[in-house]
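Student: Could you take me through one part of this protein in detail? I'd like to look closely at the disulfides.

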Amino acid sequence: CSKVVLWVQRRRPVQLLPPLMLLVILLAAVWAESQDYYSLLGVGREATTREIRQAFKKLALTMIYLKTCTQNPNNSFFLQVNRAYEVLKDQDLRKKYDKYGEKGLDEQQQGGRYESWNYYRYDFGIYDDDLEIITLDSGDFEAAVNSGEIWFINFYFPRCSHCHQLAPTWREFSKEMDGVIRIGAVNCGDNNHLCRRKGINSYPSLFIYRAGQVCLLFIIDFRYRPVGLSYFNSSCSVFMQCVTQDGLVKVGWIDCPSQEQLCDSFQVTLTQCACMLQWLNTLDSKEIYNQVINHLPDLELLTSDSFKRKLARHRWLVSFTFGDRSPTSTEYKKLQAFLRQDHIQVGRVDCIEDSELCQSLYIHKPCVAVFKGLGIHDFEIHHSKDVLYNIVGFARDSVRAHVTTLRPDNFPSDRKEPWLVDFFAPWCPPCRALLPELRKASIQLAGQMKFGTLDCTIHHNLCSMYNIQAYPTTVIFNGSSVHEYEGQHSADGILEFIQDLVNPSVVVLDPSSFAERVKGRADIQIWAVDFYAPWCGPCQALIPEWRRMARLLSGQILVGSVDCQRFQSFCQSQNVRAYPEIRLYSGNARQSYNGWHRDAHSLRAWALSSLPRASVDLTPESFRSQVLSGQDHWVLDFYAPWCGPCQHFAPEFEVLARILKGEVRAGKVDCQAHHQTCQSAGITAYPTVRFYPYLGTRRHEHSGEHINSRDANMIADIIRQRLDQLSPRLHSKPKVT
């Protein structure tokens, strides 16, 4: 029914279709008599109260619109829809209807009357479309406020103009408090019995519930005057309600009240009220936010006696304060809600009261630290911006990572296990940028290496002992050996540096080893050498790329480096005039790299270009005679000279040709010069890699086997697996010449 009505409504102007609309209304009314209430509203039997209310609102708006346009006196269809809504929104009536149908309902319970279009559009269900605001009904109110969460609830009445005046502020406030406390709304027009039971006699009324009890009542002053109350005759009057400790609800009106006068009028004191009173003189959501934050539970205070016991097995985020707490510390109350799902408890330590505790941890100024559940000595201090979302992200990352704040008593100077220590200063921006990268690297190397940070602004002597002159300085302690990290301040750079320490890919050359290994190399050996200076910025940026290139060229080209700060005279004798100077020594020739890009792949492609080709160029004739009709296995690269990805893949294909040398022959087909050959082979994109196996008495399949990869090692693995599958079908593998 609703679909038919909406179909008619969309075909405007409806003034041109009054007979059709009248017919639709009459047919709908007859049809509705035999319809299930859920189907009538267009919802399922599992629909929530909010979904039922939203569905009814859409239908009501449509019905009112059609009634106005057609001047239809017959409103039986609307009454039927209204009756369905009145039954399904009430939990008790809905249960009866679900069990017995309409027979289980009181015959006197008929649908309501027509309201105006404006009522359904603007007054009905004010907060139904707000995701942050949960509309509570009689059936779910008690379960919500007794759930253990803190609820801030707005009791409103649809026809109350002041409730509408508060609505924009309430929506804005709900977004600011999202995730901290639950924001709810109760429509006292639909839930009159609930509101009366809670003592709500003025609108809007704002309550904060904790564990089912009212812990804060906001008294709204003359800006919000209730509607329809004849005895309200003073612009300063306020309706007051307060729940006392014995559970009684005190209500009444006070002229020009103050907090003392308010409680005196009921002959109770503020200490006797189970609720706290707060005055609102503004519609500013920020003001309401500040008032609510001030009344949220404070962080648990940890003392010297409880600190060690509580932090022994549980993860904690602890705020260390010195005397007066900053305005930012009030925001920390929200941390308990944000970190609840991460099982991180939140507390605070007053370093004025427990000075010995803070001094033992070398904490001399306000800060936030994460204790990881392994005792009071395994913690990490937050050094980034004192912003809530930064602290939340830090806490979540820190409990997963393995980074420890170091002090003289736990510094790994003589430890057997390897340690990476970052010497830093909190005021140094690059130092702060490196800290999250250390956390990422510590997760990757968990169990293999330990990570720690040392604040050189606090531990001056320890930093001076290791001659730390710049920040950050990262050092790896591995028994008696000490290695200073050189490279980019990133997790990948650190991992590559450590991997290179374990299995060096770059040979560190001095004048004697250079003369022996590079100058005295065999004819078939090729060396790539980087002449650098440690103080040179571009040299530092090149280091991780140079190591990565060395690993990519492993087994094909030897890679080395020379420190020209240490061997300055030697570099001058080699005519090195600028840093970094990248040279390739091949045969009797020497060439320098003049390329614009200094990434690993560009350097690798340049180095491989000096090697003799391992692949062959194929013509249409050689393709037919050697590949399609020959007795060898072939892997082919179909390419076009103008194709950028083809140029990038060319050195990779040469690596593949060398890997498979003696097993599979490698060839290249220029599809620009031999278009028909590529077209007959079914080539539609460049570069395309095809494998043409020799199948004994059978010829190659004309199209070959497509390999969807551009990595030489991966392609080689795929081809070798394919050869293993084919080996039972072949009497013997062909010998490739």
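Which pattern do the disulfides of the protein follow, with bonded cysteines counted along the chain?

Tutor: Counted that way, the bonded cysteines pair up as 1-2, 3-4, 5-6, 7-8, 9-10. Bear in mind that this is a predicted model, where local features need pLDDT of at least 70 and side-chain atom pairs count only at pLDDT 80 or more, while totals for chains, interfaces and linings use all residues. Residues are numbered from 1 along each chain as its sequence is written, and side-chain values use heavy atoms, with hydrogens and water left out.

Searching the whole structure turns up 5 disulfides, a disulfide being a pair of cysteine sulfur atoms within 2.5 Å. Let's go through some of them. Cys351 is bonded to Cys358, with 2.0 Å from S to S. The torsion about that S-S bond is about -80 degrees, so the link between Cys351 and Cys358 is left-handed. Both Cys351 and Cys358 are buried (under 20% relative accessible area; exposed is over 50% and partly exposed is in between, using a 1.4 Å probe and protein chains only).

Next, Cys456 and Cys463 have their sulfur atoms 2.0 Å apart, and this disulfide is left-handed too, with -90 degrees about the S-S bond. Cys456 is buried at 3% relative accessibility, and Cys463 is buried at 3%.

Then there's Cys564, joined to Cys571 with an S to S distance of 2.1 Å. Here the torsion is about -85 degrees, so the disulfide of Cys564 and Cys571 is left-handed. Cys564 comes out buried at 2% relative accessibility, and Cys571 is buried at 1%.
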